[in-house]
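These are my notebook entries on one structure.

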Amino acid sequence: MKKPIPTRAASKRQETKVAKLLGGKVQPNSGATDYSKGDVTTDEMLLECKTSMKPRQSFSIKKEWLNKNEIERFSMKKDYSGLVFDFGDNGKQYIVMEMSQFKRLLSEHKQED
């Protein structure tokens, strides 16, 4: 029988994958220090990552995760915050963010075109 991957290792693997996809960096110690928060940062964004330990069809998102990430985003002077999650199947990553931030991100993208 295949030995299950430890939670910390699965989280680290997801954070590394997200950082690579977005050109960001993984925060040391999953942002547990006073000066650097979240799991992954880019120049403009602070991301919290959540991964499922086993494949599933649904994923519950806690409002407290979003609220905490938004407070940390503000304290780190980032423009955007988001919650990245997966369904535990080594497949796609999904992101949840506040609509006003998403609209601003779209607007900035359109201005670049």
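I counted rings of Phe, Tyr and Trp (its six-membered ring) as a pair if their centres lie within 6.5 Å; planes under 30 degrees apart are stacked, over 60 edge-to-face, and the rest tilted. I worked on a predicted model, in which local features need pLDDT of at least 70 and side-chain atom pairs pLDDT 80 or more, while totals for chains, interfaces and linings use all residues. Residues are numbered from 1 along each chain as its sequence is written, and side-chain values use heavy atoms, with hydrogens and water left out.

**Aromatic pairs**

I found 5 aromatic pairs in the structure. F59 and W65 make a tilted pair, with 6.3 Å between centres and 50° between planes. I noted an edge-to-face pair in F87 and Y94, at 5.5 Å centre to centre and 75° between the planes. One aromatic cluster is formed by F59, W65, F85, F87 and Y94.

For burial I used relative accessible area: buried is under 20%, exposed over 50%, and partly exposed in between (1.4 Å probe, protein chains only). F59 and W65 are both buried. Y94 is partly exposed, at a relative accessible area of 36%.

I also looked up charges over rings (NZ of Lys or CZ of Arg within 6 Å of the ring centre and within 35 degrees of the ring normal). The charged end of K50 sits over the ring of W65, 4.6 Å from its centre.

**Sheet and helices**

I took helices (H or I, at least four residues) and strands (E, at least two) as DSSP runs, numbered from the N terminus. Two strands pair if DSSP finds at least two bridges between them. The open sheet has 5 strands in the order β1-β2-β3-β4-β5, with mixed pairing. Its edge strands, β1 (25-26) and β5 (94-96), each pair on one side only.

I then followed β4. It runs parallel to β3, joined by 6 bridges, and C49 has V84 as its bridge partner in β4. On β5, which is antiparallel to β4 and joined to it by 3 bridges, the partner of L83 is V96. Which residues cover the two faces of β4? Y80, G82 and V84 lie on one side and S81, L83 and F85 on the other, all buried.

Helix α2 (residues 63-75) packs on the sheet and touches β3, β4 and β5 (contact: heavy atoms within 4.5 Å). I recorded β3, α2 and β4 as a right-handed β-α-β unit: with the strands pointing away from the viewer, the path from the first strand over the helix to the second runs clockwise.

Note on methods. Axes fitted to C-alpha atoms, helices over the stretch in contact; angles between N-to-C directions.
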